[in-house]
Protein chains: 2
Amino acid sequence: MDFSKTKNDLSQLIGDKKVIQKNDGTMDEALFNSYGTDRTKVYPPNYQVLVFPESTEDVAAIVSYAYKNDIAVVPSGGRTGYAGGAVAKNGEIVISLSKMDKVVDFDPFLGTLHVQAGMITKNLHKEAEERGFYFPVDFAATGSSHIGGNIATNAGGVRVVHYGLIRDWVLGLTVVNGKGETYKFNGEILKNNTGYDLKHLFIGSEGTLGIITEAVVKLTKPPKDIRVIFLAVPEYKNILEIFRETHNFDLPLLAFEFLTDYCLDKVKEHLGVPDPFQAPSKYYVLMEFEVSGESDEEKLYSILESITEKEFVTDGSIAQNSRQNETFWKYREGISESLSLAYTVHKNDISLPLRNMEAFLDEMTSLLTKKYQGFHIALFGHIGDGNLHLNIVKPKDLSDAEFFAQCKQVDPEMFTLIQKFKGSISAEHGIGLLKKDYLNFSRSESEINTMRAIKLAFDPKGILNPGKVL
Amino acid sequence: MDFSKTKNDLSQLIGDKKVIQKNDGTMDEALFNSYGTDRTKVYPPNYQVLVFPESTEDVAAIVSYAYKNDIAVVPSGGRTGYAGGAVAKNGEIVISLSKMDKVVDFDPFLGTLHVQAGMITKNLHKEAEERGFYFPVDFAATGSSHIGGNIATNAGGVRVVHYGLIRDWVLGLTVVNGKGETYKFNGEILKNNTGYDLKHLFIGSEGTLGIITEAVVKLTKPPKDIRVIFLAVPEYKNILEIFRETHNFDLPLLAFEFLTDYCLDKVKEHLGVPDPFQAPSKYYVLMEFEVSGESDEEKLYSILESITEKEFVTDGSIAQNSRQNETFWKYREGISESLSLAYTVHKNDISLPLRNMEAFLDEMTSLLTKKYQGFHIALFGHIGDGNLHLNIVKPKDLSDAEFFAQCKQVDPEMFTLIQKFKGSISAEHGIGLLKKDYLNFSRSESEINTMRAIKLAFDPKGILNPGKVL
């Protein structure tokens, strides 16, 4: 293909400052390549033309051009994904939303913020805060991720147990489909029962049905004060007992996370932090509550008392201030980094019905210890949501190739187990390239056929993020 | 068509007790007809075969049969709709979900209830309550409406301002599509990022994409105590000022409703209740708050104090107990009945961005008073959601036919105004038969084309609730 022609044509359409060709002297090659990949690092990017639209109209012009000329496109956000959803490996045009990072509008009655899709999530938090509001979708990558990417992958994070997934916070979307047509779904009104809700199709569609260019997100009131409880828990079943127990107390539970002893050890090693407990335990639970006033402080202590009395925990403490909140959170949020910097890991991000979790964990542990002899398994995650992050750690003496080959063999057996216990093979990370071959473990044949028909309706030439999801 | 054959074939498939033919001696004709219509009363039902499936398998068998034999079907729930969505007027098979009213499952960890779609909404409230939970979707018709119908029309109601629409409370759905294939969407897990979210397409699709046979709904904690404030408000702009003011107080606002002096008069006339205020006012606002404990009671008084000081209201009172809460609510909930029993009315149910509401009301009032000389206009609704119920009252000396003909002429002019102010021609009631010709006022051409393509993917022969929505 003649990429110089593509570059020239696009420059004519949207302006030459917004179009870059690989090695045209305007951008370092490594940086250029980084726009065509994500955090999976499994799929090397391979593409020639990168564009930086500044408006929905720019995006519509690019996709219309691509549609007429049968060229595929890949939308590129903050590239923090773990499923290869943002990888351009076949000469696609990469459409970076990075320059589309402005506030479009704010509605104080609805409590909504209308932004361009390339706004960095952390900046959206700030914009909300400046207006006296709070945007509750939060996770480790918000300093880099874009709100558009968050929506395209239906992001979750640490406070889903209280606030839900990002799907619950999207009131309106502006989207360009695979023909270059622009849809504007709601945004100004709360209620609109006029036919099918197409908006929700785009949330979690990983850029395969349309390119999200603008979003209207709902905001809420900031939590008054936050307090973290960190617990040492002897047995898995106690985690569920603690979770149910918290329902009896009249305090908003913002987060309910867990980790194993192995994870705690790795964080201690990597961050050089002390053990927060006197004696080791097999599991640890981190709970975050919203509190306001003294009576809530008392409730906090009565929760701790109640679960200690019932012998659900062997040790536990309540953070005394916001600095200590952060210290406790480090033991949970430092896990991914501690593992991936020191080891090679194979990640899975799965979800199970909580009531099936114990039986699943038993069978999974016996499967994995049989199949992965000598491998370490790091288990942690948003247990209140039934969401496990499962990292298999490569032994030092095994080659990467051998390790990943082995993982690839075991994955389908684990997915079979997940299916048996009515879980999902991807809780938060999505399908992308990485789990495409396994979609049938979580979706039925007729669902997959219907998804294909829907893809065709929005993107008849299949030029939007091809090869992902379906 | 040979309806006796249809009856016999279906009896063979699902059992003869579940199949009734018109005038076969098992059901009174008026009752039979009532299963093929709703509250619009504009479209006379005309059909011959009524079935009462008891399971998803029954529904799948019926639709498979209909698909093979090119017969259309109409799903029939509690038939409380106002848009003709449940009308069978062309010899369709009517599928009543009335016998599918059982609890299937309860998950105490997720706080979800799995029920069959024919469960009456009020009964679902009770089932939730018995388990220590609360299902917050509530409105006047819950004693008759089915949860499946609520979902198929994305029901709202009086507490949307706090709890959202029913869409926000559906975790899982079981649906039979137009080929008789069954989908099971989630239900057991909170997180499942594996491809397109097809579930949301069915919510609000009015039975045109599939028949909802089971639903898993989320539950929440019951509100602790509820307190109603009723206010007399001199000008429209004060309503918005009060709404914004309530955001500054740290009390959950469960409902924010309004009515005009004309509505209050009609309720007083019809129910024989006294005027709740000393002096008449042009508008009235009803606010409902969740309270717990004395400090919240104080907050309630400080809200009233603050809006009185700012002269947003001329009069107001706080209900002192739950009986008084109910008394206050009667002035709002009695409006529809007071109007429709004593008068002929033409209903519209519209939504506008709150910030455009005042300008819209000005233009609408001048349009309607010009077009409807001598007509009364009753305005009330969920103003906190930007949702107006607009009832035009027929003068006594005009015939029904003349009245409705006039309304039909004015509606498109009003819809043009709604479009101008970025509102929706149907906030809660849906499209059905009644607003089908006006869909383009709220959805773009490319959206409508996409909806058609999606309809084709789920219902290739167009046998599901034909003629509705699209």
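Chain A has a radius of gyration of 23 Å, which agrees with the value near 23 Å for a compact globule of 470 residues. The radius was taken over C-alpha atoms, and the globule rule is 2.2 Å times the number of residues to the power 0.38. This is a predicted model: local features need pLDDT of at least 70, side-chain atom pairs count only at pLDDT 80 or more, and totals for chains, interfaces and linings use all residues. Side-chain values use heavy atoms, without hydrogens and water.

The C-alpha trace of chain A spans about 70 × 55 × 45 Å along its principal axes. Its secondary structure comprises 15 helices and 16 strands, assigned as DSSP runs (helices H or I, at least four residues; strands E, at least two). Of the 470 residues, 61% are buried, meaning under 20% relative accessible area (1.4 Å probe, protein chains only). Contacts require heavy atoms within 4.5 Å. Among those in chain A between residues at least 6 apart in sequence, 73% join residues at least 24 apart.

The contact involves 72 residues of chain B and 72 residues of chain A. About 6,200 Å² is buried between the two chains, and carbon and sulfur atoms give 55% of this area. B:Phe109, B:Lys191 and B:Tyr196 lose the most area on the chain B side, together 17% of what that side buries. Buried area here is the accessible area (1.4 Å probe) that two parts lose on being put together, summed over both.

Methods:
Residues are numbered from 1 along each chain as its sequence is written. Chains are lettered from A and ligands numbered from 1 in the order in which they are written. Buried means under 20% relative accessible area, exposed over 50%, partly exposed in between (1.4 Å probe, protein chains only).
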